[in-house]
Amino acid sequence: MEDERKNGAYGTPQKYDPTFKGPIYNRGCTDVICCVFLLLAIVGYVAVGIIAWTHGDPRKVIYPTDSRGEFCGQKGTKNENKPYLFYFNIVKCASPLVLLEFQCPTPQICVEKCPDRYLTYLNARSSRDFEYYKQFCVPGFKNNKGVAEVLRDGDCPAVLIPSKPLARRCFPAIHAYKGVLMVGNETTYEDGHGSRKNITDLVEGAKKANGVLEARQLAMRIFEDYTVSWYWIIIGLVIAMAMSLLFIILLRFLAGIMVWVMIIMVILVLGYGIFHCYMEYSRLRGEAGSDVSLVDLGFQTDFRVYLHLRQTWLAFMIILSILEVIIILLLIFLRKRILIAIALIKEASRAVGYVMCSLLYPLVTFFLLCLCIAYWASTAVFLSTSNEAVYKIFDDSPCPFTAKTCNPETFPSSNESRQCPNARCQFAFYGGESGYHRALLGLQIFNAFMFFWLANFVLALGQVTLAGAFASYYWALRKPDDLPAFPLFSAFGRALRYHTGSLAFGALILAIVQIIRVILEYLDQRLKAAENKFAKCLMTCLKCCFWCLEKFIKFLNRNAYIMIAIYGTNFCTSARNAFFLLMRNIIRVAVLDKVTDFLFLLGKLLIVGSVGILAFFFFTHRIRIVQDTAPPLNYYWVPILTVIVGSYLIAHGFFSVYGMCVDTLFLCFLEDLERNDGSAERPYFMSSTLKKLLNKTNKKAAES
């Protein structure tokens, strides 16, 4: 295998070039065709956005729509003071999802407030509650019909149920009035044909909506927790940022010590977590209800319930113990390689120290990604709301025209109305039959594809920029005297001026794989209801294959961008050269590159774990000094999880710069070994630290 690498089975090694002094400045534009395609795609994307903004109406998402297709609660309309949608017969709605997203086959009107009492039309008609009842009838209702005609024509609901508003819809309050609904079990009314309709089925419809009500309560409580704890969350994120920055600075001067401190601290943090779980597990021994299993308890919106179960703490303890054992075993087997990787981290620390502005570059990437996300989200909303109101025929009795489209203005005098006197033409959903409406699905896919393409382009731009800056440091023979004045800005300018096409090419390949994965996920959700085991197995295999393909393409792109930043070659040439360079030095790749990734992961875990433990003790009022300062919360896990996720993203942003620096220096190190031999005529560009690293790797290879 070693002979094959030397004989050129994986490409020709780089040869000595006395004129090579680092990233090439005299370079030309690469992959121009892809650059043109990207510009045309962006123009098309802007056109799609303009069309969507012209036809779309976000009010369809914000405001519910009644049976006439009019918005509830919109300012400047006759329903301005009627923000809630009331359903005449909620049992006609098959599920809560239908209530939230589509119209149900029952009359719906806009009302000022949801009903707060139980009334039937028969009882209210002959009582003083009739004025209250009339506000839930269709607009313009006149009490000039008999009971049977009113119910047949859908002018008024047969019964009012105490309800609560959710997403501007009125849902029955089943918990508060369950007893009332069940009284008699056969509360009925007479329709125009003398048939009896059992409305106790409303209980079933209300139960289906009950899950949505609980979700709403959960969302409201979470929102309340954010309103009282947002500034403490920001303080926690600032602490995470300060810890990350301090960690980076300490790595600059004490890389070896910091790496071992980081390793020991991660082991101690996990050890404390195991100890805490064991203490909680022991404390709950003998308490009533603590031995209930998680399966028997089921899903609970109040997650604090799970913390009163011994099984929960046992599960946490097992998970943390497994992580502890895995990390300790990896450290035992990688102890010699860790010593070698520390030298590479020291060199990366020096490079970051000389290009300190590189630590701020993730903010640029974050800003550009926010622009991509905002444009994609707004375009998706406008596309999804650019349909037209579709009206369909609804009839409780058998009718051949049921579910057919209709025109509400001409329907009363139409042939369908004469043949089905009980039929109603009411708003069904938003759709359309024009070419634009038929193309909406394709436009949504194009919108998602462009989001992936542009997001990957932004990430690629950041990788090429950082790689160019750190490569300038490595190939400076006298560090830092030969380092350019503004290496980061110079690399950024070169990337945009010469290599937009190459970045677009790499991002395009990755975007195609990602959009295929999205389509596979969509198909998998559609096929879940089917019992075809072969289809499920095939779908699982495809998802796994494309997941692996995406990971490989990301790895290949990352190294290709480093070669682009150094040599200015096109994407395919850079990817091939980077891949062959790594294959020619596969042993060093296994020894050094992935060990540093593991150490950086431990650094992220240390920062996240420390901030997470601090947030846990603070929000659970366990720090006596600030016990009264912590805000009262419904769910203390809300700010804790937010701080943990935010801390990880912040730490990842700082360590991503370090990771790109290590990868760039590693490829430059391998190139340096092939170009030079360390003699006075062909001196190495590497620092003394990396020369020691080279000696250790050569010694290790000779011993093996």
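**Hairpin, helix pair and pocket**

User: What do strand 5 and strand 6 form, and which turn residue has a positive phi?
Analyst: Strand 5 and strand 6 form a hairpin with 2 residues between them, and Ala167 in the turn has a positive phi of about 55°. This is a predicted model, in which local features need pLDDT of at least 70, side-chain atom pairs count only at pLDDT 80 or more, and totals for chains, interfaces and linings use all residues. Residues are numbered from 1 along each chain as its sequence is written, and side-chain values use heavy atoms, with hydrogens and water left out.

User: How many bridges join strand 5 to strand 6?
Analyst: Strand 5 (residues 163–166) and strand 6 (residues 169–172) run antiparallel and are joined by 4 bridges, where pairing takes at least two DSSP bridges; strands are DSSP runs of E with at least two residues, and helices are runs of H or I with at least four, numbered from the N terminus.

User: What stands opposite Ser163?
Analyst: Pro172 in strand 6 stands opposite Ser163.

User: Switching to helices, at what angle do helix 13 and helix 16 pack?
Analyst: Helix 13 (residues 361–384) packs against helix 16 (residues 440–474) at about 175°, with the axes 10 Å apart; axes are lines fitted to C-alpha atoms over the stretch in contact, and angles run from 0 to 180 degrees between N-to-C directions. The two helices are therefore roughly antiparallel, a term for angles over 145 degrees.

User: And which helix gives the largest share of the lining of the second largest pocket?
Analyst: Helix 21 does, with 9 residues.

Note on methods:
Parallel < 35°, antiparallel > 145°, perpendicular 65-115°, else oblique.
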